[in-house]
Amino acid sequence: MLDVIKPGVQLCIQDLGRHGHRHLGVSQSGALDPLAVKIANTLLGNPLNTAVLEITVGLTQLRFTSATNFALTGGDLKACLDDTPLTPGWRYYAKPGQLLSFASSPDALRAYVSVEGGFDLQNVMGSCATDLQAGFGGINGSSLATGDQLHYTSCTERHSVGALQPGYHKQVRILSGPHCTQLDSSVAQLLCAKSWQVLPDSNRMGMRLTGPDLLTHQLSINSQAVLPGTIQLPPNGAPIVLLNDCQTTGGYPMIAQVIQADLRHFAQLSAGDQISFTLTTPALAHQETQQHNYHLNQLRIALTHHDRSIS
């Protein structure tokens, strides 16, 4: 069992999200960094969609009450197992009673923890992800609190192993959106021509941005389907990048779509961070998604050889 001693700012259960229900108004939810979830589960031999803990900001303490192997991925929130510093992208072994703690970092915002075999959780609509807005999934549909306990099956020790994770960037690639021609054909270029600052009222629903020259407009559109990665432009000209907990429809013009491979970078952006955008093509967007798959396959092959060599 894993006891929550201190949950920190936001500690919640996430997996790769709840798909196929947006027509019913159900959000995707899921980890903001799906590649980190897949790497963690690959390190442990779990199915890729096994639910993990998403730690936001840090300042979290968790105690293992039974032995398990666990993996730590995502940003470096200065995690320690008792007094031993840990490195993201690695698999470790925890004995009963050991304390996993997270500090915080100005360079990272979210980390992920998976345990071998996964946590014992109830699946809701095909996912264990916590939908924090609607209040279901995870445990009681909310962030974890002090005293919460997560059950898992104890296992024997495996050697620590890890690999370098793909980096996080503050230049994000986008595709031009469907309403650019109704606003101004150059609006996507204007979005890419300057840096944008992340505002403090950003959350898992969306990242609000501001800049020196906002893209104000008077265009009104009918509400229509949106998805994580859609960049909306309200009349005040301050873009909003929709994230995993976003609503399923929206009435602001859609000026761009963040490519799937780059959405994970938003998991590590904090208030005050500067980001910029660059236009790309659907073909290159597809190639970048394939690169993530290649990375996971290489990691899986390397782990297989490593584990065989020491067995």
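**Entry 1: Terms and model.** I take buried to mean under 20% relative accessible area, exposed over 50%, and partly exposed in between, with a 1.4 Å probe and protein chains only. The model I examined is predicted, so I note that local features need pLDDT of at least 70, that side-chain atom pairs count only at pLDDT 80 or more, and that totals for chains, interfaces and linings use all residues. Residues are numbered from 1 along each chain as its sequence is written, and side-chain values use heavy atoms, with hydrogens and water left out.

**Entry 2: Salt bridges.** I looked up salt bridges, each being a side-chain nitrogen of Lys or Arg within 4 Å of a carboxyl oxygen of Asp or Glu. The structure contains ten of them.

I began with Asp-33, which pairs with Arg-264 at 3.3 Å between the closest N and O atoms. Asp-33 sits in the loop between strand 2 (10-14) and helix 1 (34-44), and Arg-264 in the loop between strand 20 (254-258) and strand 21 (274-279), so the bridge ties together parts that are 231 residues apart in sequence. Asp-33 is buried at a relative accessible area of 0%, and Arg-264 is buried at 3%.

I then turned to Arg-158, whose salt bridge with Glu-116 has its closest N and O atoms 3.5 Å apart. Arg-158 belongs to the loop between strand 11 (149-150) and strand 12 (161-162) and Glu-116 to the loop between strand 10 (110-115) and strand 11, so this pair joins parts 42 residues apart in sequence. With a relative accessible area of 24%, Arg-158 is partly exposed.

Arg-208 and Asp-201 form a salt bridge at 3.9 Å, N to O. Arg-208 is partly exposed at 38%, and Asp-201 is partly exposed at 47%. I also recorded a network of salt bridges that links Glu-54, Arg-110, Arg-204 and Asp-245.

**Entry 3: Helix 1.** How many of the eleven residues of helix 1 are buried? I found nine, so the helix is largely enclosed by the rest of the structure. Among the buried residues are Leu-35, Val-37, Ile-39 and Asn-41.

**Entry 4: The largest pocket.** I looked next for pockets on a 1 Å grid over the protein atoms alone; a pocket is an open set of points where a 1.4 Å probe fits, with protein on both sides within 12 Å along at least five of seven lines, and lining residues have an atom within 4 Å of a point. The largest pocket holds about 570 Å³ of space, a volume being the space filled by probe spheres set on the points, which are joined across faces, edges and corners. Its lining has 24 residues, and Gln-28, Pro-34, Gln-260, Ala-261 and Leu-263 are the closest to its centre. Helix 1, strand 20 and helix 4 (282-310) each give two or more residues to this lining.

**Entry 5: Cysteines.** I searched the whole structure for disulfides (pairs of cysteine sulfur atoms within 2.5 Å) and found zero. Cys-192 is partly exposed at 22% relative accessibility.

Technical notes. Helices (H or I, at least four residues) and strands (E, at least two) are DSSP runs, numbered from the N terminus.
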